[in-house]
Every structure is written in C-alpha cells, then in structure tokens.
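I opened this entry to look up helix packing and the surroundings of a ligand. My notes start after the structure.

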Amino acid sequence: MMYYSTNKKTPSVTLKQAVVKGLAADNGLFMPGRIEKIEPSFFDNIQHLSFQEIAFEVAKKFFGEDVDEVSLKEIVYDTLAFDCPVVKITDDIYSLELFHGPTLAFKDVGARFMARLLSYFLGDNQKQVHVLVATSGDTGSAVANGFLGVEGIHVHVLYPKGKVSKIQESQFTTLGQNITALEVDGTFDDCQRLVKTAFLDEELNKKLMLTSANSINVARFLPQAFYYFNAYARLKEKGVLENRDLVVSVPSGNFGNLTAGLFAREMGLPVAQFLAANNQNDVVYEYLKTSEYNPRPSVETIANAMDVGAPSNFARILDLFKHSHEKISSVLKGFRYSNEQIRETIKNVFSQTGYLCDPHGACGYQALADFLQPNQTGVFLETAHPAKFTETVAQVVGASNMEIPQRLASFLKEDKQVKKLGNDFQDFKKYLLPGKF
Ligand SMILES: *Cc1c(COP(=O)(O)O)cnc(C)c1O
C-alpha cells in the first residue's frame, strides 16, 4: 500500500519508506492510501478471539500487502505478548488497561511494533541503523525497551540531566545491549536540537544510517488501533454491549492514540462516540467547540504526557474527515480538566470503587462520567500504571495505597550506565562517528 502526506505536496511512498523516514518530505504526516473495512461478520464472533488473534486480523488490513503473512503474525504476536484487559469500574464504566507491557504504558505497543517492522524491512542489510531519540521521560523508555535486543539497530537515548524522574531514568539507563543512554548537560530542548542537527548533518548521514522513532511514525501509530478492537471484544464477552452503544474515552496529548481509534471506527468497529479527554492543554477542545484551531505553547500539568500545545496527529484527524468540522465534532466530543479536577477524580474513584487511576486515565474516566447517557456503555483507555506517577497519586490516596509493580521496582535495582555529554553538537557528532558501534 502507498502512503501519502497530509500536506499533499510530495509523492506517495511505500510502507518501508514511510517507516524509515518517519515524516514526509513536505513535513506532513503519512496516511495509508486506503483504510480497509473489516467484514461485518468478524464482529459476530470477535468475543471468542484472543487479543493476538484480533490484532493479526487488523494488522493484515494495514500491512498485509507489504509484509508476508508469517512474518506479520510473528511481529504482532511478539509485540502483544502481554494482556490488555478490560476492568469494570462502575456499572457502566470500564477501564482498558494498556499498562501491562515492559514500561507500564501504552507506548510500549507502538514502540515494539515499530522496532520489529523496521528490522523486517532492513532484512540482512549489514549496515547498522542508528535510532536517535530525545526524551523528557516516557518516550525514551518505551523506545529503548521496544528496541532492546533487536538486531542491526542501535538506539541512542538523549535525556536532560536531572530533569527526568528516577523511575523513568532507570527504564532506559539500565538496559545495556544495543541501548545507550546519553545524559546531556542541558534541557530537553537541547536534546532535541542535538538530534535534529544530526539528522541534517551531511557527513553523519553519509557515514551512518540514522532514523527516528518519533510517535508520528506510521509503524508506531497504526498498531494503536489493535486494542480498540480488543476492548470491544472483551466488553462483548462480558455481555455488557447488548442493546447499548459503546462510547470510548481517550486521554489525549499528541492525539496519536485517539486517531488510531478513529481509524478502527473507519474500519467498521462499532463505536458510537469518541471522547477526547484533555488536561489544561485544550487546543483541540477549543477547536471542537468553536471550529478555530490555535496551537500554542504547552502548559505543565500533573498529567504531563498530555502537555502538548500543538498536537501533531491533529493533521491526521483533519485529513481523515476531509477538514469537516461538522463531521469531526459529531464523532468526537471534547473535555478538559484542571489539576485540581484530576486529583479529585483519582480520589473519588479510589474511595468509591477501589480502582486507582493514573492522572491521564483519570481524565478519561471523568469524561465518561460527565458524558454517558443511560443506554451507553463507556470504556476509557488507562494509558499508564499509576505507579509511574507515584508522587501525584500517593499524595492523593496516601502512599500506603500505592503498589509498585515488580517490573518497575526491578528497573530501580539495576546499575545505571550512562555516557555523559555536553550540549555541544560537535561532541555528539564525535560520539556517533563510525568505528564504535
Ligand atoms: C503519550 C501519553 C498520552 C497521550 O497519548 P497521545 O497519543 O499523545 O495522545 C497519554 N497518557 C500517557 C500515560 C502517555 O504516555
């Protein structure tokens, strides 16, 4: 299948090119040339299928022309080696837990899938590929763990010294193998500048094959559609969708997760309504209300993975609905919550139901609580384990109510291995130049 750019100022490319490049030459985002429908009969028996089986059927619609069936199945089954269960919170609200992967957040799915797909396309290419990532926390850990041990690819994670939480830092500084953590004496913006400058440096690009693992990459973005189908299957299995409409609520920052849900709907998944749950970063909320889209600098909140002032995937939403505000605002309703409201939700849900939300999932829950009609069943995406945001969550419900999962605790026990770097590009370049990896 060919992939076109949302800016439409550059020719379409193959899936392989879209994955290797990430961003289109005209700075647009890649979109698949077609979104294929799933046969309606598939939904009659979907409740009898496992997450992996469902995801494989969906994956074939996206990648079936470009990846042979045996390899695709292998990639899907390897990516989804963990569960993504639906948990009952109240009579009509359910949580889709996306935090059972290696770093306890949903980005694990896209990162692992991309690692495997990139490796498939590179094949026996003897040349080592270098993935450069600048991170302020979560992306670095998901990418590092997703690419861990994948042959032919070396990942370099740049992060600002002293500005990443201990738990996050431990998730990409303790891995070793093909992952190198670079502690930059500077800010996140410095890290990003170093990476961007490297992509533009002629000598580096002549000598090394460089690529990014940015969340706008189609290989990270499209697999996020898989778990919406699983949510439907698991709810149907519980018998809670009989004569009821499904409403899906998505805590959103860059809107990749939500856009993947809209793709699932285009493929035929019966979702009556999507809710976009935001923190105080509310440009899409404003757009839905007024049809005016005004990106602006982000503001810091306690749901910091959604602190995005210019959501990159908004371009994909516009393209999907041919820029019709009427259509977009009927499929999608917007909600926004202050830090105060987010804390209040975490506290109330915990005291009333015993379920502990993370600050992002709390926005998703609250949007459902504010929106749901009597004939509807709601599911929100719980995008991270609450222990990833221990400080906030413990403050609200008390530290004694927090459990730190084994997987997170074991990262903290490992030795940190980092390479220290100043914020000068020439030093970064010297570090990257051949001979060492
Ligand atoms: C990245 C992230 C989000 C936002 O997802 P988008 O696809 O950028 O909208 C929400 N919650 C958590 C925990 C995240 O890490």
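What follows is what I looked up, pair by pair, and then the ligand.

I am working with a predicted model, in which local features need pLDDT of at least 70, side-chain atom pairs count only at pLDDT 80 or more, and totals for chains, interfaces and linings use all residues. Residues are numbered from 1 along each chain as its sequence is written, and side-chain values use heavy atoms, with hydrogens and water left out.

**α2 and α3.** I took helices as DSSP runs (H or I, at least four residues), numbered from the N terminus. I looked up α2 (residues 51–63) against α3 (residues 69–79) and found an angle of about 130° with the axes 9 Å apart. Axes are lines fitted to C-alpha atoms over the stretch in contact, and angles run from 0 to 180 degrees between N-to-C directions. That makes α2 oblique to α3; angles under 35 degrees count as roughly parallel, over 145 as roughly antiparallel, 65 to 115 as roughly perpendicular and the rest as oblique. The crossing is right-handed (the near helix is turned clockwise from the far one by less than a right angle). On the α2 side I list Gln-52, Glu-53, Ala-55, Phe-56, Ala-59, Lys-60 and Phe-63, and on the α3 side Glu-69, Leu-72, Lys-73, Val-76 and Tyr-77, with contact meaning heavy atoms within 4.5 Å. By class I get seven nonpolar, one polar and four charged residues (Ala, Val, Leu, Ile, Met, Phe, Trp, Tyr, Cys and Pro are nonpolar; Asp, Glu, Lys and Arg are charged; the others, Gly among them, are polar).

**α4 and α5.** I then read α4 (residues 107–122) against α5 (residues 138–147): about 40°, axes 8 Å apart. The two are therefore oblique to each other, and their crossing is right-handed. The α4 residues include Lys-107, Asp-108 and Ala-111, and those of α5 include Thr-139, Ala-142 and Val-143. I note seven nonpolar, three polar and three charged residues in this contact.

**α15 and α16.** For α15 (residues 339–353) and α16 (residues 359–371) the angle is about 80° and the axes are 9 Å apart. They are therefore roughly perpendicular to each other. Ile-342, Thr-345, Ile-346 and Val-349 of α15 meet Pro-359, Ala-362, Cys-363, Tyr-365 and Gln-366 of α16. The classes are seven nonpolar, two polar and no charged.

For Gly-256 the corresponding distance is 3.2 Å.

Terms used. Polar contact = N/O pair within 3.5 Å; in protein donor to acceptor, adjacent residues only side chain to side chain.
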